[in-house]
Amino acid sequence: MVIFSVYVVNKAGGLIYQYDNYVPRTEVEKTFSYPLDLVLKHHDEKVVVSFGQRDGIRVGHAVLSINGVDVIGKNTSDGKDILEYLKDPANYPVSIRFGRARLSSNEKLMLASMFHSLFAIGSQLSPEVGSSGIEMLETDVFKLHCFQTLTGQCELFDQNLKSALEVAEKAGNFGTGS
């Protein structure tokens, strides 16, 4: 099983360390004719799909390249604004590659501090005295495990808790008694 990311967060909610082992698996390239039947918008310095899921292209996927030219933020690597380029019928047919964009440093900081806040709320709202808070969140795509340490918490994104614990044990002592 794979560990996608490791976040080490201090007790104040600050991100101390982050390791990313994420390799985008879902990339879809499709050739479109004019007009484009997807709605694209600028979001966090990226151009993302906001409406019109189809053929493996999902809402939230970012534009990664246009006609084989890589995209950097809102522009292609040769400096063309993506949304302006796609408004011009003369540029069609156009081949666009979509996928999950990597998180920016700022997005990683926000996610770590947001999880810390949820963890603190979960600890305080628990009916059990001395609750350890959130131990695991599970979605259809990943599991998020939270291990308490004396210095803060460590969030492991993985598909299997046993694999995560083995890797964490090799990296250092996690859990009670560390």
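Predicted model: local features only at pLDDT ≥ 70, side-chain atom pairs only at ≥ 80, totals over all residues.
Trainee: How many contacts beyond near neighbours in sequence does the stretch 173–178 have in the model?

Mentor: Be careful here, as pLDDT is below 50 over residues 173–178. Where pLDDT is low, the coordinates should not be read in detail. With that caution, the number of contacts in the model is 12.

Trainee: What does helix α2 reach from its first C-alpha to its last?

Mentor: Helix α2 covers residues 105–125, which is 21 residues. At 1.5 Å a residue, 30 Å is expected. The model comes close to that, and the reach is 30 Å.

Trainee: Is Ser65 buried or exposed?

Mentor: Ser65 sits in strand β6. Its contacts beyond four places in sequence are Asp70, Val71, Ser95, Ile96 and Arg97. The relative accessible area of Ser65 is 3%. Buried means under 20%, so Ser65 is buried.

Trainee: And Gly56: buried, partly exposed or exposed?

Mentor: Gly56 lies in the loop between β5 (46–51) and β6 (62–66). Its C-alpha is 9.7 Å from that of Lys30, 26 residues apart along the chain. Relative accessibility for Gly56 is 27%. That falls between the 20% and 50% cut-offs, so Gly56 counts as partly exposed.

Definitions and conventions: Residues numbered from 1 in each chain as written. Heavy atoms only, no water. pLDDT = per-residue confidence, 0-100. Contact = heavy atoms within 4.5 Å. Helix = DSSP H or I, 4+ residues; strand = E, 2+ residues; numbered from the N terminus. Buried < 20%, exposed > 50% of the residue type's maximum accessible area, 1.4 Å probe, protein only. Expected span 1.5 Å × (residues − 1).
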